[in-house]
Amino acid sequence: MKKDTMLKQRFFLILTLVALLLTACTPTPTPTASAPTPGTSTPAVTRTELRIGAMRGPTAMGLVKLMQDAENGETDNDYLFTLAGAADELSAALLRGELDIVAVPVNLASLLYNRSEGGVIALALNTLGGLYLLEDGDSISSVEDLRGKTIFSTGKGTTPEFSLNYILTQNGISLEEVTIDYRSEATEIAALLEQGMATIAVLPEPYVTSVMAKNDKLRVALGFAVEWEKVSSGGASLVAGATIVRSGFLAQHKDAIEIFMSEYEASVAYTESHPAETAALIADIGIIPNANLAAIALPKCNVVYRIGDEMQRDIGAYLQVLFEANPASVGGALPGDDFYYHR
């Protein structure tokens with residue numbers, strides 16, 4: 001009996017050892033991500049929609065590659081673009097919250113900052129001065145020659161008006177000594193020149209190239225950038241457009257704005273490195289009638305991408321000149337440092 005008991009104990013001990021060995025030799029499963037249950041999908045990466053407005057001119061040219069990339073689904077944000085003929089269309093939509101980002105004349109950006117009590121922030125300087133005075137004839141060779149003349153111009157309340165006023169007064173010509181006929185859109189001024197109903201007019205590029213291609217009697221009599229530098233104090237350059245964002249939108253979507261800044265910078269870089277392809281895009285969206293004219297106008301439009309300290313220096317110096325000449329041109333006060341976005 002005792003011998004049987006010992007045999008049973010040995011048998012169970014052997015079974016136990018075998019079980020332990022089998023357990024030790026079985027590999028532990030490596031954790032893996034669970035596969036989606038049939039009928040479900042992996043959650044998509046959150047994308048932010050940005051509604052962007054620009055004037056149908058140079059301020060939109062740096063955006064055309066971004067417009068194409070967005071249409072092709074090649075951007076990290078979703079973009080909706082609006083092109084307008086007049087700056088006030090964009091500013092009104094921005095203040096109503098219908099647009100998140102707009103490219104507008106620099107002084108209008110300052111006006112909106114003051115009007116909204118800091119409700120907009122400048123992201124980038126997008127264009128330098130590309131304004132010209134055209135003449136059908138050869139009577140204008142200096143600013144002095146404008147005394148007593150009728151000048152047609154676009155841009156009342158924005159860069160063209162205040163730049164023209166500043167250049168005239170700094171050359172000793174009072175505004176009572178000239179007649180300035182403002183029209184709402186550059187296309188209207190261009191039509192008047194083409195039809196011979198205006199002989200002296202202020203226009204920005206690319207309209208200058210467009211109208212001169214249709215009327216070989218027209219010539220560039222004065223360049224505003226050159227005339228501005230002759231009379232401006234502190235070495236301020238004639239800047240043109242700024243890209244601004246609603247401050248509330250920036251606060252809620254800073255990551256999306258950072259993505260936009262990177263994609264916008266790449267778009268401007270493409271404009272500089274691929275002028276022929278950019279000219280084709282400019283023609284496709286109707287800024288200039290055809291790609292050949294767009295290719296001629298593009299280098300004269302002075303498209304840039306300046307941010308941070310460089311942007312603040314250039315815009316600040318320009319606004320200082322306008323403020324000293326006419327405080328109302330910038331909204332009654334110069335913007336504070338919070339107007340300028342620093343990454």
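Colleague: Is Ser-163 buried or exposed?
Modeller: Ser-163 counts as buried because its relative accessibility is 0%; buried means under 20% relative accessible area, exposed over 50%, partly exposed in between (1.4 Å probe, protein chains only). Bear in mind that this is a predicted model, where local features need pLDDT of at least 70, side-chain atom pairs count only at pLDDT 80 or more, and totals for chains, interfaces and linings use all residues. Residues are numbered from 1 along each chain as its sequence is written, and side-chain values use heavy atoms, leaving out hydrogens and water.

Colleague: Which residues is Ser-163 in contact with, leaving aside its neighbours within four places in sequence?
Modeller: Those are Leu-131, Phe-224, Trp-228, Leu-238 and Tyr-318, where contact means heavy atoms within 4.5 Å. Ser-163 itself lies in helix α6, residues 159-170; helices are DSSP runs (H or I, at least four residues), numbered from the N terminus.

Colleague: Switching to Glu-227, where is its place?
Modeller: Glu-227 is in helix α9, which covers residues 224-231. Glu-227 counts as buried too, at 10% relative accessibility.

Colleague: And what does the side chain of Glu-227 make a polar contact with?
Modeller: With the side chain of Lys-230, at 3.3 Å. A polar contact is a pair of N or O atoms within 3.5 Å; within protein, one must be able to donate a hydrogen and the other to accept it, and residues adjacent in sequence count only if both atoms are side-chain atoms. Beyond its neighbours within four places in sequence, Glu-227 is in contact with Val-143, Ile-167 and Leu-222.

Key. Helix = DSSP H or I, 4+ residues; strand = E, 2+ residues; numbered from the N terminus.
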